[in-house]
Amino acid sequence: MEKLASSEMIYNELLDRIISLELQPGCKISENIIAEEFGVSRSVVRNSIARLVQNGFLDVYPQRGTYVTLIDLNYIKTALLIRISIEKEVLYRFMKKDDKYEIIKKMEANIDSQKKFYGYDEYITEFKVLDEQFHEYIMLSVQNDDILDLLKEHLLHINRWRNVYVKSGHNLSKLIDEHSRILDCIKKSDIKSALACMSEHIDTVTDVVTASATYSHFFKKN
């Protein structure tokens, strides 16, 4: 007998669709259609929707329905500022370490794997894993994984933004080149340049602001 989908499973599936832009900002979703797709009751779907509302990915309007939230660029700017501050501090501590050889080797292998996606114009799952791993090598070399838990909520929204960023003309080759420059600075022990490269890599909002006319309807009007 096939096991029914759980509220957790539906939550994760809907979250993936929202972050990947399969469910685009501003689009309406239907409890009935989701319940039918997963073969569950509407109450199970409501539990998933409630979590997505709480995490800022869905809005529920009485008498109107449930909609994927528009991207709030002010929130993204703040989230990126927090991430820049943390990653630069962690990078600084990492570069002060005496023995960085093993981490550098892992980062080199990671970038070699990234290069398979050079020129892609979609922030696909396989690259996303490598992107996150590249940064985690630095973070986890000087901190425990609590720091990643603290960033988790912000990272989900940043990942959705990253998909728009890549789609708007900044293909994966740009991200790979930025990772390569960061690693080159690390290998040269050039702390000042490494920190500057990390800021440039993460601070993508000032590059795009409202991305392009094609995606301007994705954004909340402030």
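The legends below describe close-up views of a predicted model. Local features need pLDDT of at least 70 and side-chain atom pairs count only at pLDDT 80 or more, while totals for chains, interfaces and linings use all residues. Residues are numbered from 1 along each chain as its sequence is written, and side-chain values use heavy atoms, with hydrogens and water left out.

**View A. Crossing of helices α4 and α6.** The axes of α4 (residues 73–95) and α6 (residues 125–142) come within 9 Å and cross at roughly 65 degrees. Axes are lines fitted to C-alpha atoms, for helices over the stretch in contact, and angles run from 0 to 180 degrees between N-to-C directions; helices are DSSP runs (H or I, at least four residues) numbered from the N terminus. The crossing is left-handed, that is, the near helix is turned anticlockwise from the far one by less than a right angle. On the α4 side, Arg-83, Glu-87, Val-90, Leu-91, Arg-93 and Phe-94 make the contact; on the α6 side, His-135, Ile-138, Met-139, Ser-141 and Val-142 do. Contact means heavy atoms within 4.5 Å. By class, six of these residues are nonpolar, two polar and three charged (Ala, Val, Leu, Ile, Met, Phe, Trp, Tyr, Cys and Pro count as nonpolar, Asp, Glu, Lys and Arg as charged, and the others, Gly among them, as polar).

**View B. Salt bridge between Arg-17 and Glu-37.** The closest N and O atoms of this pair are 2.5 Å apart; a salt bridge is a side-chain nitrogen of Lys or Arg within 4 Å of a carboxyl oxygen of Asp or Glu. Arg-17 lies in helix α1 (residues 7–19) and Glu-37 in helix α2 (residues 31–38), so the pair ties together parts that are 20 residues apart in sequence. Arg-17 is buried at 13% relative accessibility, whereas Glu-37, at 45%, is partly exposed. Buried means under 20% relative accessible area, exposed over 50%, and partly exposed in between (1.4 Å probe, protein chains only). Glu-13 joins Arg-17 and Glu-37 in a network of salt bridges.

**View C. Salt bridge between Glu-31 and Arg-46.** The closest N and O atoms are 3.3 Å apart. Glu-31 in helix α2 and Arg-46 in helix α3 (residues 42–54) are 15 residues apart. Glu-31 is buried, with a relative accessible area of 18%; Arg-46 is partly exposed at 41%.

**View D. Salt bridge between Glu-122 and Lys-167.** Here the closest N and O atoms are 2.9 Å apart. Glu-122 sits in the loop between α5 (101–114) and α6, and Lys-167 in helix α7 (residues 146–167), 45 residues apart. Glu-122 is partly exposed, at 32% relative accessible area, and Lys-167 is partly exposed at 26%. The whole structure has 13 salt bridges.

Key:
Helix = DSSP H or I, 4+ residues; strand = E, 2+ residues; numbered from the N terminus.
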